[in-house]
Protein chains: 2
Amino acid sequence: MKIALAQIDYHIGNFLENTTNIVLQIKRAQMEGADLIVFSELSVCGYPPLDLLERKDFIEKCNNEIHKIARICKDTAAIIGAPTINPNAKGKLLFNSAYFLYEGEVKAVIHKTLLPTYDIFDEYRYFEPNSEFHVVEFKGKKIALTICEDLWDDQPVESEFARRRLYMLNPMDELIKQHPDFIVNIAASPYSHMRSKIKKSIFIEKAKKYNLPVIYVNQVGAQTQLIFEGGSMAIDKTGGIIEQLKYFSNDFKIVNLDKLVKEKTTAVFEEPDRIKMVHDALITGIKGYFKKMGFYKAVVGLSGGIDSAVTVVLAVRALGAENVHALLMPSQYSSDHSISDSIDLANNLQMKFDIIDIQKSFDTQKEALSQIFNGQKEDITEENLQSRIRAVLLMAFSNKFGHILLNTSNKSEAAVGYGTLYGDMSGGLSVLGDVYKTDVYELAKFINRKTEILPVNIIEKPPSAELKPNQKDSDSLPEYEILDKILFEFIEKQKSPDEIIGFDSDLVTDIIRKVNMNEYKRFQTPPILRISSKAFGGGRRIPLVAKY
Amino acid sequence: MKIALAQIDYHIGNFLENTTNIVLQIKRAQMEGADLIVFSELSVCGYPPLDLLERKDFIEKCNNEIHKIARICKDTAAIIGAPTINPNAKGKLLFNSAYFLYEGEVKAVIHKTLLPTYDIFDEYRYFEPNSEFHVVEFKGKKIALTICEDLWDDQPVESEFARRRLYMLNPMDELIKQHPDFIVNIAASPYSHMRSKIKKSIFIEKAKKYNLPVIYVNQVGAQTQLIFEGGSMAIDKTGGIIEQLKYFSNDFKIVNLDKLVKEKTTAVFEEPDRIKMVHDALITGIKGYFKKMGFYKAVVGLSGGIDSAVTVVLAVRALGAENVHALLMPSQYSSDHSISDSIDLANNLQMKFDIIDIQKSFDTQKEALSQIFNGQKEDITEENLQSRIRAVLLMAFSNKFGHILLNTSNKSEAAVGYGTLYGDMSGGLSVLGDVYKTDVYELAKFINRKTEILPVNIIEKPPSAELKPNQKDSDSLPEYEILDKILFEFIEKQKSPDEIIGFDSDLVTDIIRKVNMNEYKRFQTPPILRISSKAFGGGRRIPLVAKY
């Protein structure tokens with residue numbers, strides 16, 4: 001039996017485009033003699049559709065598309081993800097289903113059992129969990145058809161307090177009783193650090209445990225904050241990876257089931273370096289956001305610092321140098337090299353830029369405020385003022401020419417509130433908001449691994465916001481090597497201050513206080529491209545008014 | 001048996017304050033000879049604790065407080081809400097529990113069965129549903145102890161496509177088999193339009209259906225966006241309301257169980273007018289946000305329009321006139337009456353204000369941009385520029401003096417994107433972001449029902465953003481009576497454009513297109529006080545990049 005793995009970037013709710021792409025892949029599979037083609041979870045509508053699932057017309061459209069697609073599945077069967085209305089009058093309205101299409105019709109519908117409802121996942125908001133288990137019979141073989149989390153009954157977790165086993169059931173333990181010949185897993189499983197490695201180990205373990213081949217098809221591409229790496233796989237029954245599809249790109253491969261059962265693989269699929277994965281993920285994230293929003297052009301404020309420099313390189317790689325514009329906006333506190341380094345960078349990237357001095361705007365606003373400030377001495381207010389004037393100019397550029405402002409804040413500064421709301425925290429998309437400062441440096445090194453794209457001075461000089469004379473990040477923050485480690489323990493590992501050991505305890509308390517008191521700023525942050533197991537945004541829900 | 005209902009405003013994670021308040025109420029109940037005192041859902045930590053529930057130290061603190069409180073519950077028993085660790089190695093880590101404390105110890109722990117995971121609720125994210133049913137025996141009586149949604153197995157819904165019965169179980173159908181003498185329901189059920197009426201009808205129906213008295217204790221006060229109205233009740237077994245606690249205020253009442261079983265009530269508790277409830281809810285929301293965040297003072301930009309006028313009245317009623325400051329920031333497009341009306345309003349409220357002309361700042365910024373705008377004609381860019389300059393000044397005032405900026409956008413304009421990101425969409429809290437413009441007028445009438453607090457000209461003049469010559473809202477939007485009805489059908493009732501009938505279909509399409517294309521602006525909105533069944537924010541999750 002020949003099985004095609006179709007790894008596609010879907011656009012949520014764009015039924016015309018999704019169905020067209022699905023049909024093209026089915027035709028290709030037919031031409032190449034495949035018996036079966038497998039698509040990813042909720043492929044008809046794209047994942048995650050969120051509250052669009054609460055609209056009747058959306059569910060009807062999903063259903064219509066499934067039946068349209070079924071009609072072309074004659075000799076080649078297809079497995080496609082779509083929501084189904086729960087026929088029981090009680091329980092959630094929908095199931096998250098896998099449709100088995102063959103001979104021009106829907107032959108079987110299998111529902112998802114384990115519904116992730118943690119971090120960025122909210123599936124129990126919409127779906128009733130399945131409780132009946134059937135294999136799908138096809139050409140003399142029995143398929144154990146599972147949907148993403150269905151194979152994740154036991155999964156590694158970052159926080160020591162979190163659960164490995166979030167569910168009472170294990171769908172494969174039920175399905176194995178019906179003696180399936182292979183496992184299919186259709187997924188929409190987003191990327192985060194090391195997650196592709198973890199996925200591999202889960203599928204390999206399942207293949208070994210049940211002594212069955214596993215066909216895993218993941219979604220690829222970005223949906224606002226979430227980046228799906230693809231990396232679909234065919235694994236033989238001994239746990240050997242026979243075939244792996246590309247990371248961060250559409251892909252299509254046909255595998256022979258006999259091979260997965262009989263042969264021992266010698267193929268080797270090495271995981272790319274972590275920073276290369278982050279680099280590729282962020283570019284995929286920018287590309288996806290712009291393409292799906294219908295945007296082409298971006299504007300970035302280049303400060304001379306490493307964050308905006310790395311952001312602009314990623315933007316150019318995602319959108320092309322001709323579509324990225326930089327604004328350099330010096331004030332009296334900007335160092336000369338900030339401008340010259342930024343110009344060098346823009347020239348290295350062959351991109352356009354403008355320089356607007358903000359000093360006069362800054363002075364005029366200060367003057368307008370002087371009547372009510374009444375001689376009070378300058379403080380953080382005037383620092384924020386510069387940052388906000390720059391945002392006003394960037395947004396004016398955006399409004400006039402249609403360029404989307406990219407936010408350049410990193411995760412470390414977003415965490416401790418080292419940024420100005422409606423100032424440098426502005427933008428349509430935050431590129432580095434889930435990248436700790438130490439990883440921004442790693443990205444910079446990765447970008448410069450062959451040639452000096454980022455002027456080395458940008459990487460080597462001490463970080464500074466340049467909002468008052470001789471300011472440095474280290475005036476008010478510890479070294480980023482220390483800061484990032486403490487933040488990781490608190491944010492990703494969800495430890496309490498008492499549990500974070502190996503650092504000065506006053507420092508830990510002070511940093512966590514800063515993280516907590518700046519929740520209100522992050523509440524208004526742009527969407528942040530997610531690359532970690534715990535990004536700021538919808539996957540981390542802290543009550544603003546909490547006192548804890 | 002004498003039962004005390006303790007309706008308290010908890011502060012999430014503020015264990016010291018919460019336990020102190022709980023202990024005070026227990027002592028009062030003891031002094032007044034109550035046998036039992038009932039608190040609300042998750043009362044030890046306050047509701048909703050969200051992802052703080054994922055921290056080990058937070059759960060340990062909840063547990064410690066429960067045991068501290070238990071020690072003082074000697075002769076008077078107490079029912080208190082707190083999370084419990086699930087002893088089973090599989091399933092979610094926690095239960096959402098009701099603790100029965102008596103004779104100095106924990107006598108029983110009952111877990112919640114029906115976990116709301118819709119709109120603003122995410123309980124399945126944290127909790128395992130209960131599946132074992134036991135009444136609690138106390139002084140010869142059996143208590144059917146339920147937690148909030150446990151009595152909501154069948155509930156009215158706004159959208160026709162949504163489910164009345166979201167759950168497979170009905171906890172009371174299980175508990176009734178053990179012949180309880182009365183029902184206790186501890187709740188944290190937030191306010192929205194007409195919701196207090198719906199709650200009454202649900203509890204009355206349950207009392208009648210099971211022929212049992214119902215003691216219902218709700219949380220009161222605001223937690224960021226969510227406003228809890230209180231309105232706890234004692235209902236006799238015929239469905240008569242014997243006692244109802246105050247709306248939007250702490251309260252305490254003792255009821256006699258014998259009365260609930262034997263007598264027929266003659267008490268009448270009329271529901272206040274809808275707009276009075278909204279008015280009181282918003283004031284509670286502002287008060288709660290400021291008190292819990294540790295803030296005292298607010299600043300509002302007064303434009304001369306009705307939204308900022310109503311916002312400032314509500315702010316003064318919540319915080320006191322001495323704690324609210326207005327900035328009037330005219331430009332060349334501001335009408336004279338905008339300034340004079342705003343001054344009249346500020347004087348009516350006896351509050352301080354300053355006037356800052358933004359013309360010079362506007363001109364300076366335009367000049368700074370002219371080198372790159374290159375003679376392009378003025379457009380929406382320059383309108384946004386004025387709005388953003390005002391936000392910069394308001395935020396500078398906020399930074400310098402510590403006043404929190406209140407956002408004045410209403411739900412109608414937030415819906416269609418009639419607002420400037422980082423301009424008039426700025427603020428620490430959005431007061432009217434869930435109030436349709438037509439309801440803003442109703443609020444204005446309510447505020448002026450006795451004396452003219454809002455200058456009548458502010459109410460009567462045609463709405464305008466005053467960002468270009470002779471601009472009116474009606475230039476680009478239909479009349480608000482029409483707009484709000486269409487928006488309600490789309491947002492609250494979740495209808496598709498085709499299902500929204502009785503309006504010009506091109507108009508419907510155009511409005512819904514505007515709603516969809518402005519999701520990106522609302523993504524960065526401040527927290528919005530929620531008064532409807534579908535507010536913008538965490539209860540409405542639309543994928544930004546969706547094309548639908």
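Guide: What follows is a conversation about this structure, which is a predicted model.

Visitor: Let us begin with chain A. Which domains does the assignment give it?
Guide: The domain assignment of chain A gives domain 1, covering 2-266, and domain 2, covering 278-473.

Visitor: How many Å separate the centres of domain 1 and domain 2 of chain A?
Guide: Taken over C-alpha atoms, the centres of domain 1 and domain 2 of chain A are separated by 40 Å.

Visitor: And how many residues are in contact between domain 1 and domain 2 of chain A?
Guide: Ten residues of domain 1 of chain A are in contact with seven residues of domain 2 of chain A. On the side of domain 1 that touches domain 2, the elements giving two or more residues are β10 (220-223) and β11 (226-229) of chain A. The largest share of that side, three residues, comes from β10(A).

Visitor: What is the make-up of that side of domain 1 by class?
Guide: The side of domain 1 of chain A that touches domain 2 has five nonpolar, four polar and one charged residues.

Visitor: Now the two chains. How many residues does the contact take from chain A and from chain B?
Guide: The contact takes 81 residues from chain A and 81 residues from chain B.

Visitor: Which elements give two or more residues to the side of chain A that touches chain B?
Guide: They are α2 (56-72), α6 (274-293), α9 (359-373), α10 (380-401) and α16 (519-523) of chain A. The largest share of this side, 14 residues, comes from α10(A). By class, the side of chain A that touches chain B has 42 nonpolar, 20 polar and 19 charged residues.

Visitor: What rotation superposes chain A on chain B?
Guide: A rotation of 180 degrees, with 0.0 Å of shift along its axis, superposes chain A on chain B with an RMSD of 0.0 Å. That is the relation of a two-fold axis. In chain A, the C-alpha nearest the axis belongs to A:Q524, at 2.2 Å from it. The same surface serves both copies, since 100% of the contact residues of chain A recur in chain B.

Visitor: Let us look at one helix. How many residues does α8 of chain A have?
Guide: Helix α8 of chain A, residues 336-349, has 14 residues. From its first C-alpha to its last, α8(A) reaches 20 Å, close to the 20 Å expected at 1.5 Å a residue.

Visitor: Which residues in α8(A) are buried?
Guide: In α8(A), the buried residues are A:S338, A:D341, A:S342, A:L345, A:A346 and A:L349. They are on the same side of α8(A), because they cover an arc of only 135 degrees around the axis.

Visitor: What covers those buried residues of α8(A)?
Guide: The cover includes α7 (306-319), β16 (324-328), β17 (352-355) and α13 (456-460) of chain A.

Visitor: And which exposed residues does the face turned away carry?
Guide: The face of α8(A) turned away from its buried side carries the exposed residues A:D336 and A:N347.

Visitor: What comes just after α8(A)?
Guide: Just after α8(A), A:Q350 takes a positive phi of about 55 degrees. In chain B, B:Q350 has a positive phi of about 55 degrees although it is not a glycine. B:Q350 lies in the loop between α8 (336-349) and β17 (352-355) of chain B.

Visitor: Is B:Q350 buried or exposed?
Guide: B:Q350 counts as exposed, because it has 9 C-beta neighbours inside 10 Å, and the cut-off for exposed is 12 or fewer.

Visitor: Another topic: which residues does a cis peptide bond join in chain A?
Guide: A cis peptide bond joins A:Y47 and A:P48, with omega about 0 degrees. A:P48 lies in the loop between β2 (36-38) and α2 of chain A. In chain B, a cis peptide bond joins B:Y47 and B:P48, with omega about -5 degrees.

Visitor: Finally, where does A:K27 lie?
Guide: A:K27 lies in helix α1 of chain A, residues 15-31. A:K27 is partly exposed, with 13 other C-beta atoms within 10 Å. The C-alpha atoms of A:K27 and A:T76 are separated by 9.0 Å, and these residues are 49 residues apart along the chain.

Key:
Residues numbered from 1 in each chain as written. Chains lettered and ligands numbered in written order. Predicted model: local features only at pLDDT ≥ 70, side-chain atom pairs only at ≥ 80, totals over all residues. Domains from an automatic or database assignment. Contact = placed C-beta atoms within 7 Å. Helix = DSSP H or I, 4+ residues; strand = E, 2+ residues; numbered from the N terminus. Nonpolar A, V, L, I, M, F, W, Y, C, P; charged D, E, K, R; others polar. Least-squares fit on C-alpha atoms with pLDDT ≥ 70 in both. Expected span 1.5 Å × (residues − 1). Buried ≥ 20, exposed ≤ 12 C-beta atoms within 10 Å, placed from the backbone. Arc of directions from axis to C-beta.
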